[in-house]
Amino acid sequence: GEKVRWSETIDRLTAEYKLLPGDALLAAGMVSYAGPFTGEYRQHFEELWRKTEDGENITHMEDVNLVRVLGEPVLIQAWAVYGLPNDNLSVQNGIIFSSARRWALMIDPQRQANKFLKNYGKV
């Protein structure tokens, strides 16, 4: 019952703890440097960082990416309710927006970010 569930949770968290350095490195790099780039470049950055981490024997989750490390499903769903599109690039933008200490420059020809920020700011 409950003891088994707690034991499984402890085992899972212990395994994830060992992967934390590589996961955090990739997430920090994406938040710090990938913001102004398109989705294709961001995907290339993630692949490059994973290969570099593998080359340096830094452990990380398999197919680690920004959304898996810093994404909170409940928060991402709330962003969708406030008008943020649910595609990968928009979710990455939301994570960068919520993780960064400074306001980012947003090029928004479709005015989606403007709509999202107005709705999100009302909360």
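How many aromatic pairs does the structure hold? In this predicted model, the structure holds 6 aromatic pairs. The cut-off for edge-to-face is over 60 degrees. F37 itself is partly exposed, with a relative accessible area of 36%. F37 and Y41 also belong to one aromatic cluster together with F45 and W49.

The second pair, F116 and Y120, is stacked, with 5.2 Å from centre to centre and 25 degrees between the planes. These two residues are 4 apart in helix α6, which spans residues 112-121, and therefore about one helical turn separates them. Are the two partners buried or exposed? F116 is buried, at 4% relative accessible area, whereas Y120 is partly exposed, at 30%.

Both F116 and Y120 are in contact with W79. Setting aside neighbours within four places in sequence, W79 also contacts L84, V91, G94, I95 and S98.

W79 brings us to the largest nonpolar core, which has 16 residues. Those with the most contacts inside this core are M30, L66, W79 and I95. Helices α1, α4 (73-81) and α5 (88-99) are the elements that give two or more residues to the core, and α1 supplies the largest share, 4 residues.

D23 lies in helix α1, residues 2-33. D23 is buried yet has no salt bridge; R68, the nearest side chain of opposite charge, is 7.4 Å away. What lies 2.8 Å from a polar atom of the D23 side chain? The backbone nitrogen of M61 does. Beyond four places in sequence, D23 touches T59, H60, M61, V64 and V69.

E53, in helix α2 (residues 39-55), is likewise buried without a salt bridge. Its nearest side chain of opposite charge is R50, at 7.6 Å. With neighbours up to four places away left aside, the contacts of E53 are G22, L25, L26, I58 and H60.

Finally, I turn to L89, in helix α5. L89 counts as partly exposed because its relative accessibility is 33%. Outside its sequence neighbourhood of four places, L89 is in contact with T38, G39 and R42. The C-alpha atoms of L89 and V67 are separated by 9.7 Å, the two residues being 22 apart along the chain.

Notes: Residues numbered from 1 in each chain as written. Predicted model: local features only at pLDDT ≥ 70, side-chain atom pairs only at ≥ 80, totals over all residues. Heavy atoms only, no water. Buried < 20%, exposed > 50% of the residue type's maximum accessible area, 1.4 Å probe, protein only. Lys, Arg positive; Asp, Glu negative; His and termini not counted. Salt bridge = Lys/Arg side-chain N within 4 Å of Asp/Glu carboxyl O. Polar contact = N/O pair within 3.5 Å; in protein donor to acceptor, adjacent residues only side chain to side chain. Contact = heavy atoms within 4.5 Å. Core = buried A, V, L, I, M, F, W, Y, C linked by side-chain atoms within 4.5 Å. Phe/Tyr/Trp six-rings, centres within 6.5 Å; stacked < 30°, edge-to-face > 60°.
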